Structures are given as structure tokens and as C-alpha cells.
Amino acid sequence: MAEVKNKTNLSCTVNGRVSDNIVSDSLLLADFLRETLGLTGTKIGCDGGECGCCTVLIDNAPQHACLTLAAKCNGKAIETIESLSEESRLSAIQRGFNEKLGAQCGFCTPGMVMAAEGLLRTNPDPNEQEIRAGLAANICRCTGYVKIIEAVQSAADELKMSGQAL
Amino acid sequence: MNEIKPSKSIGIRKSLVDGPEKVSGKAKYSSDFMPIGCLVGRIFRSPVAHAEIIKVDIEEAKLLPGVKAVITGDETDEPFGILPIARFEFPLARDKVRYRGEPVACVAAIDVETAQKAIDLIKFKYKELPAYFTSKDAMAEGTVDLHDHRPRNIEREVDFELGEVDKGLSDADFVIEESFNCAEVCQVQSEPHAAIAEYDAEREFITVRASTQVPYYDHLMLAKVLKMDEAQIRVVKPFVGGGFGCRTESLNVTLICALVARAANGTVGLTVSREETFITHRGRPETDIEMRIGVKKDGTITAVDYTAIQRGGAYSGYGVVTILYSGGLLFGLYDLTAVRYKGFRVLTNTPPPGAMRGHGITNVRYAFEALLDKIATKLKIDAIEIRRKNLLKGPNYETLNEMFINSYGLPECLDWVEKESQWNQRKGKMGKFRGLGVACGHYISGASKPVNWTGEPHATVHLKLDWDGSITILTGAPEIGQGSSTMTTQCAAEVLGLDMSRFQIITSDSKLTPKDNGSYSSRVTYMVGNAAIDAATNLKKILIEAAARKLDANPDDVECLGEYYSAGSQDEGLTFNEVVTAALEGTGTITVKGNFDTLPESWGTKKYRGGAISGSMAYAYAAQVVEVSVDPDTAEIKVEKVWAAQDVGKALNPLSVEGQIEGSVWMGMGQAISEGTLYHNGLGITNSMLDYRVPTIIESPPIEVGIIESIDPNGPFGAKEAGETSLIAFIPALTNAVADAIGVRPTDLPVTPDKLMELIEKNTKNENSVT
């Protein structure tokens, strides 16, 4: 029988900063971010993989932090909602959500914004169907999604106009 | 000198004043507070639906290293509840458990693993009792009463007749009746219930932060169950991830958190799971409705006779109010001359529902509008025309139950949806499996009767003006995502003619902000908006007087232009900051306040017991057209498009109003086509967001919003309710559209593919047997 290990060295980057930690094998990435690193922007809204509030980017791809073991993120680049505002200015997607009222209570918003970030990085000019598909793993109970779709469209337009790509 | 005009804040699309915090992840919700040394709370819940408690043995759990406190129902013998007449629920069960998942004990430990281990060590001994999961079973002869003081498990029976119903029915050319069943639905707000309580043993003082819509009711209930002086309790509402009524009464989670923090002499965070949030749902009760409507050949309604039975769960909560709304709010939408209502609120061994968005009237309105549509089809009257036929003779109308309607934009709502949906060109010509349906709804703008007989106004807002020239709004009104902080800021800014950036707002901190009853019954815009206007008007008066002193002019001659005050074209005038300095000279920082009170004539009727429920200063109105397609193979309904018109009085913030209406429509869609709880022997089996089936972005339809502004004479700048009415109208508009698409009328909610397929098959069989 192999020896049961219950701690792992985790070396990854979180929001561009190197993070070296010893973590329990059972620690979820969502809890690692929130409790170990204090990055409470990532929210937990369900008991696992239902709501998408905990969506973060792992190597550019949107993932549920509540379905990811922290220990599995060794060598990976993790990005959370806190990484998007530069010098406390909102990013284009954040501005879209703010100005178009894509956020009402705001609890699903960090996950929504990160899912949109992941979408626009791979598809800078999504049509409405592609936006819906890109955000299909995220549940919002306030908006009815109309203004979330507008927020992402507006961010994509802004990025296109300014010639920036995510 | 440059002319400086006052800015305008009302009627303009404004993003939320707390939007940047929300989109950047900086907004802190209750579970985001994790101070060093914070203990973790965990609840032990009843594994059975109905039992006498023999013993809750916590001795072993208490001895586990890392456990700081374990509490049971022995911790407090003070019951809690939103209604003084129905307080018989304890934070932790005593003597009996009455639903599966009812809290029995709570552990506070150094971490979640230890807390769970301690939970596993608790030994719960009980004697099972017969349990009732349907209203019918609970009301049957020979049942065991859940509560000794509620025989036959009837929490409240309502029975009234206004007008002559039997005469109305006999005068009718047609009487048509139907039975409806509406499944229990939950709010499923994004943020699970959470609280963090910090007990200061030195001062015997407790600070509680909680996800709540009613921090001041929490304050009262905390004092009650903790048996502490209210002054020794501080309640703070952080950011809250949605409400929709699930937090409109004090929840056991908050009270247990405070009790266990005191027992542990420390700080305890208690964040419950999504499953536990479903158990603590306070949603809309399962409702059975039987309704008869009598009509003349021309579509004029002569009488309505109906019964509503609500499965009320194990405790009352808002139940008495819900069953009363189901009667009182039938009035005020159409001109009704005779109504008989029988309502039964039943106690069952299921988690208690509460006051969900569209409280009390949603299911009854669904039945009424579905039946009206059936009548229109039978009489070959257009579905919009039959509604026009029965409009109130108003505004300035008094209903049979003495509701005063001062603004009534329903006719304009109907006009708007008729035109925008191209109703006249398209209705009945949509082809197979596609249809259009229409329905209406209305809702109150705050419950008018005072809830606390302490002499307090319905709303109070403070404005603090300081030497830096900034104004801080202090309001107890809980911002829960609906935009109340933005609305309050807009109202104050508009009166003072200042840009909204001059204001900061602090909400819901019992040691800082004036008391406010909370965010429920769509009261905040109407009541707190008016209080903000009053406060700003009072502040403006002070500023004008200060400017007059400084300018050596008569206050009546001073003109306030927001950033600039002048007393005629001759003088140079004063900047806002100069006026502030003049106003604070010799007196220092000032705080002014504004109040709002309802008019007694809006307090409802005395014609029947509980008639105060449904009395409001104003009612919002909605008409909606829904376009659906039905898959002939799977019977799945797709909502193709929605036209939603709502009379909101005045859209203070059209962006926010659209957001509220779109969200309402969408939540109505969930109830109409997919959402509903299911229990197996009292065990919730739909307690996740996937099993419960909330719609996702994929199913969400395009929604066109029509804002109708009837300018209510008493509303803040004419505004009324904006966040509930459109939910109510959606559900019948959808089922009416389904009837138009396939000729089959759903009666039971949600209209899932399996239910609809059954109806279609039954219909086909009937048609075949006829031919």
C-alpha cells in the first residue's frame, strides 16, 4: 500500500504572483483562494458545480474553483476577479457589467465576469449565441440575463474599438 | 459668471452607486468576513419530519478537542417569528421537530472538519409521529396536530364575501370554473444564507452581520431569543446576494449564529450550504385553487368565487399574511362587484414557506387570468378586449375592500403590449405549435398599515452634511441588489440639485443608521424615496437660510442651483462649499432627517378580519404578452419573446426599472415552466440548483420592456413598485400562450414537458372519442 499523503506542496501563480503553499490534499481551490489567500471576490453559491459563482481562470480557461482541488493546480496560472482591475480602474468587462446593469445583487458577478473574460480571450467577437454558450455554466437570479448579454457585447465592442485584445 | 445649472438625477439611466464594488469583487458579503480566530458554525438537523424529542446528547461532541460550544434547544426558550400573533418557532427545536432538516443543535469549532466531527458525535433520540406532507393529509380528520394551539393543523382560515356573489353568479350568462395547482417554489437567491456573530464577553455586547432583508427585525428577534437588551446588540447588513423574500423575516441561521457565538464567547461564522438554504427557503407555498367566475355575454365579470389552500409548512412565518394577500389582492386590478374568498393556511411537516416576490397573489392571479382567458376563448372575445371590458373605473377608484387606487396605468400597459407584439396582426395566425398569450397583474408599493405600533414613521432618512462639503446618506433601508441605495441617492441629489458624486450612502447598521423595517413588500422606493426627498428638502431649507444670511437677503429670494446659490442677478452668489461653511458656522457638522408616513385611508378595510393586508399607498400595474413555441415531440415549451409593460408611476432610474422587470419576467418563467420543490417523505429531493431547475441563460428569452408612467400623486417623483408586478403577469401570459399554440390549457405549475405531454395526449384521446 502506498503511503497516504495528505499534504502537497502547491506552487502556482495567483493573479500573476508566485504563491508557494503547503495545502491539504482535500482543500478546494475555492477555499484556498478565499481562506488561505483572502481573495474573497471568488464566491461560493452552491454545494458544487451548480451555480458558477466560483469561476476563475486556470491557464486562461474558466473553471469551477469549487470542483478543483488546490493541490492539482501546481504549476498553473490562476486568475481571479481581483486581477482584472488595474490600478483600481475597472476592466472593459467590469465596466460593461457596471454600466449596463449586468450586476444587481452582485453575488454571481465575479464568476460571470471571469467566464466572460475567458470567453473574450478565445473569441473576441462573439455573437449572442456564443455569449449564451460561454456563460451557460453561470446562474444569475436577478437580471434575467438580458443585461448580462448586453454587458459582454458592450465590452467586446469596446475592446474591438480600442484595438485591445484580452 | 458662468451659469451653473442644477444637475438632474431622476428619470436618467444610472448605474448602481455600489456597482464598482460588485464588479470588482471588492463587495463583502456575510461569508466574506473571516477574522483571525473566527470559529466555524455547523448545524445538526433533524433526520425525521415529525417527532418528539427525547434527548439531544451533546456530551461527547463537547469533549472533542477544538470544539468551543455545542448548543441545543435548551439554549433559548424564546420563540421567534415575524408576526406577533404567530411566534412559535424556536431557533433550535425544543420538545418536537416538525420538518426534516429543522435545526436541532449547533456546534462552534476551530475549523469545519472539527465541527463536522462534532456533529457526527451528537446523538439524537426521538419518537416519531405521523407526518403530513400535503395540505389535504394535514387537514384530514384524526390527524395529530403539529402545534397544540392549531387544531386540525389550520394556521389561519379566511372567509369573506364582499358584494352579492350568489346573485352575481345567477345573473351571469356563463359561469366557468377550474382547479389549479401551483408547486412550491423557492427564491434560490445567489447567496446562500450566512451570518457572522462576534460576542464581546467583556461588554456583554454582540455584533451580528447577516444576509438579511430585514436587519431591524433581526435586531428585535436577536434581543428576544438572546434575552439581551436591544442596546447591547449591533446588527450590520453587509452586501447581500439577493432576497426575493427569502430573508424577509428573521431566519434561524442568524439567530443560531448569535446564540452559539455567545455560548463560545467568541466570533462564529455560520454559512449554510445550498441544500440548507433550500431547507430555510421561505418561498411561495404550494397552492391549490378552485375558482369560479361568472360573466355576461359581453365579457363583463359579475362575480368571483374561489378557495385557496396553501401548504404552509411547519411554522407560520408570514403565512397568515400570505393567505390574506391571496384574498385582498384579487381587488384593484379589475372592476369586481362581488367576490367570495375562502383561504386555508395549513400546517404541514415541510420547511416553512414565506413571502416570495409577488407575495400571496401570484398563484391566485395565475388562476384568475388563466380562467379569464378561457372565458374569452369561449365567448369569442379577444383576450385583450375582455380585460379592457373589466378595467377599473379609475384612477380615483375605491375597491370593494376599500383599497384606494390613485394611479392606474393598466390601460396604457395593454395598449403598449398590443401594439408592440403586433397582437392584432399575429394573434391566432401563428401557425401550429406557436402562440401568443396575454395577462395582467398588479402589486402594492409597500404595506400601508404600520407594522410596529411604537409611533415610528414608516421610513426615516438622515443626511449628514460636513465641512468637506460632502453629504452622507444614512438609511436603514437594506440594499440587497435591487438598487435602493442608488434610488435613495438619486432622490436626495435631485432635490438639492447636486451631482450624485457629492453623496455617499451608508445602509443598515443599527448603531449608525435610522431604523428601517426592511426591503419587502416593495416598500423601499415609495417610503424611503419619499423620506429621502423630505430629508433633502429639510437640508435645502437650512442651506437656503445660510445663504440668505451670508448674502444678506431674504430666504425667499435665494435661488438654489445646486452647486451655486444666488439671491438675484446682482450679487455674485455663493458656491455650494461657501454655503456649507455658512450653514455649519457656529453649529458644526449637521444631520437632518426626513420621514415618510402612509395616509390612514390606505390602511385597508375593516370589513373582514385581516383586511389591512393589501392596503397600500399605490399599486403598480403590468400587462404582458408572451410568445411561445411548443415542441410537438417533447412538449417542451420555448419562450420565444416577451413584451412586458409595467406602470411604475415614474421610472426614477429607467435602467434599474428595466433590470427589475426583466428579472421579474425571468423568475416568473422559472415558476411557469420548470421550477418546483419535491419532497420524499419530507426529505427535499430538489435541494440543488440543478435538481430544482432554475432556467439558465440558454432558455432565457429576449424581453422588451415598456415603461408606463402614470405619475402617482403620492409617490416619490410619482414612482411606484417596479420589482414584483411583472413576475405575476408572466405566468398566466405563458399558459395562455400555450393554449393558443396547441389548444390545450395547462392548469398545474410548472408546465413541464411530461405534464404537458400528458395533457396533449388526454386531449387527443378526447377528440378522437368525440369523432
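**Entry 1: two helices of chain B**

I looked up how helix 17 of chain B lies against helix 18 of chain B, and found that helix 17 passes helix 18 in a right-handed crossing. I keep in mind throughout that this is a predicted model. Helix 17 of chain B covers residues 654–673 and helix 18 of chain B covers residues 725–742; their axes come within 7 Å and cross at roughly 45°.

**Entry 2: the build of chain A**

I turned to chain A and found that its secondary structure consists of five helices and five strands. Read from the N terminus, the elements follow the order β-β-α-β-β-β-α-α-α-α. The radius of gyration of chain A is 16 Å, close to the 15 Å that the globule rule gives for 166 residues, so chain A is as compact as a globular protein of that length. Along the principal axes, I noted that the C-alpha atoms of chain A fill a box of roughly 55 × 30 × 25 Å.

**Entry 3: the two domains of chain A**

I recorded that the domain assignment divides chain A into domain 1 (7–83) and domain 2 (92–161), and that 21 Å separate the centres of these two domains, taken over C-alpha atoms. Their contact takes 15 residues from domain 1 of chain A and 13 residues from domain 2 of chain A. On the domain 1 side, strand 3 (55–58) and strand 4 (61–64) of chain A each supply at least two residues, and strand 3 of chain A gives the largest share, three residues. That side of domain 1 has eight nonpolar, six polar and one charged residues.

**Entry 4: where chain A touches chain B**

Last, I looked up the contact between the chains, in which 38 residues of chain A are in contact with 43 residues of chain B. On the chain A side, two or more residues each come from helix 2 (92–99), helix 3 (109–122) and helix 5 (146–161) of chain A, and helix 2 of chain A gives the largest share, four residues. I counted this side of chain A by class as 19 nonpolar, eleven polar and eight charged residues.

Conventions. Residues are numbered from 1 along each chain as its sequence is written. Chains are lettered from A and ligands numbered from 1 in the order in which they are written. This is a predicted model: local features need pLDDT of at least 70, side-chain atom pairs count only at pLDDT 80 or more; totals for chains, interfaces and linings use all residues. Axes are lines fitted to C-alpha atoms, for helices over the stretch in contact, and angles run from 0 to 180 degrees between N-to-C directions. A crossing is left-handed if the near helix is turned anticlockwise from the far one by less than a right angle, and right-handed if clockwise. Domain bounds come from an automatic or database domain assignment. Two residues are in contact if their C-beta atoms, placed from the backbone, lie within 7 Å. Ala, Val, Leu, Ile, Met, Phe, Trp, Tyr, Cys and Pro count as nonpolar, Asp, Glu, Lys and Arg as charged, and the others, Gly among them, as polar. The radius of gyration is taken over C-alpha atoms; the globule rule is 2.2 Å times the number of residues to the power 0.38.
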